[in-house]
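Hi everyone, thanks for coming. Have a look at the screen, and I'll talk you through the ligand site.

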Amino acid sequence: MNILVTGANGQLGNEMRIVSKSSTDHYIFTDVVEVEGQETIILDITDLDAIRSMVKAQDVKVIVNCAAYTNVDAAESNQELAEKLNATAPQNLAVVMKEVGGLLVHISTDYVFGGDPYNTPCREDQKGTPTGVYGLTKLHGEQNIINSGCEYVILRTAWLYSEFGKNFVKTMLNLTATKPQLKVVFDQAGTPTYAYDLAKAIAVILEDYKDTLTAQRSTLNYPHKGIYHFSNEGVCSWYDFTKMIAEYSGQTSCDIQPCHSNEFPSPVTRPAYSVLDKTKIKKTFSLNIPYWTDSLKKCINNIKSI
Ligand SMILES: NC(=O)c1ccc[n+]([C@@H]2O[C@H](COP(=O)([O-])OP(=O)(O)OC[C@H]3O[C@@H](n4cnc5c(N)ncnc54)[C@H](OP(=O)(O)O)[C@@H]3O)[C@@H](O)[C@H]2O)c1
């Protein structure tokens, strides 16, 4: 099966590169720029014709969309670009997958929630109530995919980190090593997610899709089409997350203190509680999801050994 990955130079895209090594499928990794030492084909997902030609030329059966506008703060002053990347571009991918009868695996976010006050894990069928432009444009992306009529799996995930690119873990590894004291918010709860674990879950879904294709000899009716929630197991605040980052990296000299969100002026209000309920994905694909601290420990060990 030919699988095209977009945004292959990002956090999740790079984890997909690793996971793909143990697959018998043919992966095509694409992004807007080439990075030295990485095989990448240039594909801008805002360009519908370019997607169409690549999908046809490479006989692509599945697209895994890891590309997005992910800067939550900057999105507030760049709504047009965020909408183009997070809503129109996924629609382009969906239109082409509909044309060729393929599957679109798209990544969305816990930030589609947050506007309504709640303190129980969010389910897939719950109404989206984004608090900012990033969440709103990601919600539009989901709606565009669903309305396109293509076969899709939308995976909402949260608080992604990895060995690659910029992320909270890498920032805190640096700050806890260089600052004597640090304040981190404790009034926003969610679940950190190791992008490698998400990539492995995507690989399971792709195998399931391939089995369906083999059984049905058709691409028209994937029984597991839909929206799913995926994060690591557990719940914590950014403060708890930082405490564990410091502990696992051995940076115990930094005094880490909890604080309220309003102590850090931000252009966007982030969800106070965006824990995802993963019952559906675990049941549908028989997934065993690692606890967040176990995965964090693995990622930090990998970062230390780079
Ligand atoms: N990061 C999080 O905490 C988080 C949380 C929940 C959900 N998610 C979702 O998870 C997915 C993966 O996130 P991530 O953190 O891996 O993202 P990321 O590291 O920001 O990677 C996104 C990649 O997409 C590329 N890209 C930008 N514009 C593009 C275009 N027009 N065409 C093709 N590629 C383009 C980026 O290139 P440049 O860097 O050169 O622009 C980058 O390589 C996204 O859908 C995101 O919304 C992320």
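So, let's start at Leu-12: a polar backbone atom there sits 2.9 Å from an oxygen atom of the ligand. By polar contact I mean a pair of N or O atoms within 3.5 Å. Before I go on, this is a predicted model, where local features need pLDDT of at least 70, side-chain atom pairs count only at pLDDT 80 or more, and totals for chains, interfaces and linings use all residues. Residues are numbered from 1 along each chain as its sequence is written, and side-chain values use heavy atoms, with hydrogens and water left out.

Okay, back to the ligand. Lys-138 brings a polar side-chain atom to 2.7 Å from a ligand oxygen, and at Leu-160 a backbone N or O atom lies 3.1 Å from an oxygen of the ligand. On its own the ligand has 900 Å² of accessible area (Shrake-Rupley method, 1.4 Å probe), and the protein covers 79% of that.

Who's in the shell? There are 25 residues around the ligand, and Lys-138 is among those that come nearest, along with Asp-31, Asp-44, Thr-70 and Tyr-134. Near here means a heavy atom within 4 Å. By type, the shell has 13 nonpolar residues, nine polar and three charged; Tyr and Cys count as nonpolar, and Gly as polar.

And which element gives the most to the shell? Strand 5, with three residues. Helix 1 (11-20) and helix 5 (133-148) each supply at least two, as does strand 5 (103-109). Those elements are DSSP runs, H or I of at least four residues for helices and E of at least two for strands, numbered from the N terminus.

Conventions
A polar contact is a pair of N or O atoms within 3.5 Å; within protein, one must be able to donate a hydrogen and the other to accept it, and residues adjacent in sequence count only if both atoms are side-chain atoms.
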